[in-house]
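Hi,

Here is the structure I promised to pass on. Have a look at it first, and then read my notes below.

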Amino acid sequence: MTPHDVLKLCVSNLVSYLPSAASLSSVSSVSGLLSSLLSQLPAPSLPSVLLSLLLTLPPSLLLLLRFLLPPPVLPLSLDDPLSSGSHHCVVTGGSSGIGLEIAKALAGRPGVRVVTILARDGGRLESARREVEAAGRAAGRKVGESSSSSPSSSSPSSSSPSSSSPSSSSPSSPPSSAGGLLVNPVSADLCDYPALSAAASAACAAHGAPSLLFNVAGFAKAAPLLAAPMELFRSMSDTNYLGTVAATKAFLPAMLEAGGPRRVLLTSSCAGQIGLHGYSAYSASKFALRGFAEALSLELVGTGAELTVA
Ligand SMILES: NC(=O)c1ccc[n+]([C@@H]2O[C@H](COP(=O)([O-])OP(=O)(O)OC[C@H]3O[C@@H](n4cnc5c(N)ncnc54)[C@H](OP(=O)(O)O)[C@@H]3O)[C@@H](O)[C@H]2O)c1
């Protein structure tokens, strides 16, 4: 039987239920038409009625309850690992946009001791440092002096901040410190792995292994394939994909060595889940992160470190 035959059969079955022209002329409303149609349907058998009730009643009741009852409060939100402790958090791309907002949010958490913000431009890093400190103060944190308490859950070595490599914290603006919160600006390029790796080692030596690494640095530029130069594909892949790999590779050894629960976050995008028109370079660089994360998360099983792609 061809699809055309199946269609013909369906139509003829449907037509056989329709009221005749004579009875149609007596139908004056939609409800009249429906009752006319229903009266011509064969009487339903008891098992089919029971089956219909069984299939439709439970979801209908659940739907009704969903609108009648208040939404449930999930206890998950009560468990905030940053409400206490002495955490060092690193945010790449922390001088602007989403990364800066994450750094400011972290500054308000009482368990966060150091927020390292990493980006290239020293001037923007400096003004971001002031914003993050202000966010800490607004949340009642002490901002300034370097805390004497060594990071309980980190610090692969306890060398002093002054032993940092030149690529860490610009000398003109030493990280302000204090009993509560320290904001540590680090100028480094994700696309220069040797310099990035040295800056990461210095930050870990000075402030302990990060509990949280937020890989946020990245950029987007739309251009249809035929109009996009190869350089756009290279630069977006270098920053969004390889830059994230580089930062993870630079900080992860200290995180694993310190042990305990650690988390690495990778910033993707909607364009990293579905291809968007005009974003072939960007989408590809963000899709790559997903593959990277899936494979790396298998390597991390049993280490205490976990990955999130957001
Ligand atoms: N904004 C959105 O609507 C949106 C939506 C989905 C996903 N995202 C993703 O979220 C992330 C942040 O986006 P955003 O809009 O907040 O960006 P943004 O405001 O332009 O900030 C980008 C940050 O990354 C840093 N950065 C860029 N290239 C770098 C490199 N090679 N090395 C070190 N740091 C570098 C920048 O500082 P320097 O230039 O000084 O280095 C800046 O701090 C990106 O990965 C983006 O793809 C954004």
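Which of the 22 residues around the ligand come nearest? They are S95, S96, I98, R120 and Y282. Keep in mind that this is a predicted model.

Let's start with the contacts. The side chain of R120 has an N or O atom 2.7 Å from an oxygen atom of the ligand. For R124, a side-chain N or O atom is 2.9 Å from a ligand oxygen. With D121 it is the backbone that takes part: one of its N or O atoms lies 2.9 Å from an oxygen atom of the ligand. On its own the ligand would expose 880 Å², and the protein buries 75% of that.

Now for the surroundings. The ligand takes up the space of the largest pocket.

The largest pocket holds about 520 Å³ of space. It is lined by 23 residues, and G93, R120, A217, G218 and F219 are the closest to its centre. Both α5 and β2 (112-119) give two or more residues to this lining, and α5 gives the most, with three.

There is also a second largest pocket, with about 290 Å³ of space. Twelve residues line it, and P81, S211, L212, P261 and R263 lie nearest its centre. Its lining divides into four nonpolar, three polar and five charged residues.

Cheers

Definitions and conventions: Residues numbered from 1 in each chain as written. Predicted model: local features only at pLDDT ≥ 70, side-chain atom pairs only at ≥ 80, totals over all residues. Heavy atoms only, no water. Near = heavy atom within 4 Å. Polar contact = N/O pair within 3.5 Å; in protein donor to acceptor, adjacent residues only side chain to side chain. Areas by Shrake-Rupley, 256 points an atom, 1.4 Å probe, with all protein chains shown as cover. 1 Å grid on protein atoms, 1.4 Å probe; cavity = no way out; pocket = protein on both sides within 12 Å on 5 of 7 lines; lining within 4 Å. Sits in = over half its atoms within 2 Å of the grid points. Points joined across faces, edges and corners; volume = space filled by probe spheres on them. Helix = DSSP H or I, 4+ residues; strand = E, 2+ residues; numbered from the N terminus. Nonpolar A, V, L, I, M, F, W, Y, C, P; charged D, E, K, R; others polar.
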